[in-house]
Amino acid sequence: MSLQPFINKKVLILTADGRTLIGMLLSCDQLTNLVLGATVERVIRPPDDEEPSAEVSHGLYLIRGENVAVCGLVEEELDASIDWEKVRGSVIGGVKHS
């Protein structure tokens with residue numbers, strides 16, 4: 001599947017090592033190398049962690065295709081309505097390629 005329809009739209013990327021990145025998809029190629037603008041990494045803490053969940057700004061961000069596990073469009077209105085510092089959840093494990 002081509003990611004060309006996602007260009008200049010807000011996407012969420014789950015990486016092979018379990019990170020969650022959100023940003024504007026600026027470019028992609030046939031190897032699924034991605035360039036994101038205004039990128040934010042969401043760090044969701046487990047329920048028993050006292051520290052709040054966080055969003056870490058990364059700005060312009062390049063992700064190698066081999067590190068992309070999932071790419072999807074973000075429903076911006078719904079995303080904006082969520083207070084991500086209060087969200088708790090289990091840690092997403094990484095993907096192991098063999």
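Predicted model: local features only at pLDDT ≥ 70, side-chain atom pairs only at ≥ 80, totals over all residues.

Analyst: Apart from neighbours within four places in sequence, Val68 is in contact with Ile13, Leu14, Thr32, Leu34 and Ile63. Val68 also belongs to the largest nonpolar core, a set of 12 residues. Among the other members are Ile13, Leu34 and Ile63, along with Leu3, Phe6 and Tyr61. Strand 1 (10-15), strand 2 (20-28), strand 3 (34-43) and strand 4 (54-63) are the elements that give two or more residues to this core. The largest share, 3 residues, comes from strand 2. In soluble globular proteins, nonpolar side chains tend to be buried together.

Lys10 and Asp79 form a salt bridge, with 3.2 Å between the closest N and O atoms. Lys10 lies in strand 1 and Asp79 in helix 1 (residues 76-80), so the pair ties together parts that are 69 residues apart in sequence. Lys10 is partly exposed, at 23% relative accessibility, while Asp79 is buried at 11%.

A salt bridge also joins the side chains of Arg42 and Glu55, at 2.7 Å from N to O. Arg42 is in strand 3 and Glu55 in strand 4, 13 residues apart. Arg42 is buried, with a relative accessible area of 8%, whereas Glu55 is partly exposed at 42%. Lys10, Arg42, Glu55 and Asp79 are linked in a network of salt bridges. The count of salt bridges in the model comes to 7.

Notes
Residues numbered from 1 in each chain as written. Heavy atoms only, no water. Core = buried A, V, L, I, M, F, W, Y, C linked by side-chain atoms within 4.5 Å. Buried < 20%, exposed > 50% of the residue type's maximum accessible area, 1.4 Å probe, protein only. Helix = DSSP H or I, 4+ residues; strand = E, 2+ residues; numbered from the N terminus. Contact = heavy atoms within 4.5 Å. Salt bridge = Lys/Arg side-chain N within 4 Å of Asp/Glu carboxyl O.
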